Amino acid sequence: MGRYEVKITETLSMDIEVEAESAAAAARKVEEAWENSKYVLTADDFKEVNFYAQEKELEE
């Protein structure tokens with residue numbers, strides 16, 4: 001029987017609509033608001049989960 005390391009990756013996602021001069025400015029505006037905790041993603045924002053298994057090398 002082998003030994004495996006399994007990575008679990010969960011994706012949370014939220015769509016925010018803002019007015020800005022450009023897409024880059026909009027992204028900066030939302031990033032700044034996120035850094036200031038205006039937007040906090042929770043389990044309600046769950047979108048998907050992925051599992052990645054990789055066999056572990058035998059240690060001597």
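The protein has one helix and two strands, where helices (H or I, at least four residues) and strands (E, at least two) are DSSP runs numbered from the N terminus. Along the sequence these elements follow the pattern β-α-β. The radius of gyration is 19 Å, well over the 10 Å that the globule rule gives for 60 residues, so the protein is more spread out than a compact globule; the radius is taken over C-alpha atoms, and the rule is 2.2 Å times the number of residues to the power 0.38.

The model is predicted: local features need pLDDT of at least 70 and side-chain atom pairs count only at pLDDT 80 or more, while totals for chains, interfaces and linings use all residues. Residues are numbered from 1 along each chain as its sequence is written, and side-chain values use heavy atoms, with hydrogens and water left out.

The overall values are as follows.

| Property | Value |
|---|---|
| Span of the C-alpha trace along the principal axes | about 60 × 25 × 20 Å |
| Buried share of the 60 residues | 8% |
| Share joining residues at least 24 apart, among contacts between residues at least 6 apart in sequence | 81% |

Here buried means under 20% relative accessible area and exposed over 50%, with partly exposed in between (1.4 Å probe, protein chains only). Contact means heavy atoms within 4.5 Å.

Helix H1 has 13 residues, which at 1.5 Å a residue should span 18 Å; its end C-alpha atoms are 18 Å apart, in agreement. The expected span is 1.5 Å times one less than the number of residues. Ala 25, Ala 26 and Ala 33 are the buried residues of H1. Viewed down the axis of H1, its buried residues fall within an arc of 105°, so they line one face of the helix; the arc is that of the directions from the helix axis to the C-beta atoms. On the face turned away from the buried side are the exposed residues Ala 23, Arg 28 and Glu 35. Just after H1, Ser 37 adopts a positive phi of about 65°.

Asp 45 belongs to the loop between H1 (23-35) and strand S2 (46-55). Asp 45 counts as buried because its relative accessibility is 13%. Despite being buried, Asp 45 has no salt bridge, and the nearest side chain of opposite charge, Lys 47, is 5.5 Å away. A salt bridge requires a side-chain nitrogen of Lys or Arg within 4 Å of a carboxyl oxygen of Asp or Glu; Lys and Arg count as positive and Asp and Glu as negative, with His and the chain ends not counted. Apart from its neighbours within four places in sequence, Asp 45 contacts Thr 11, Leu 12, Ser 13, Met 14 and Val 40.
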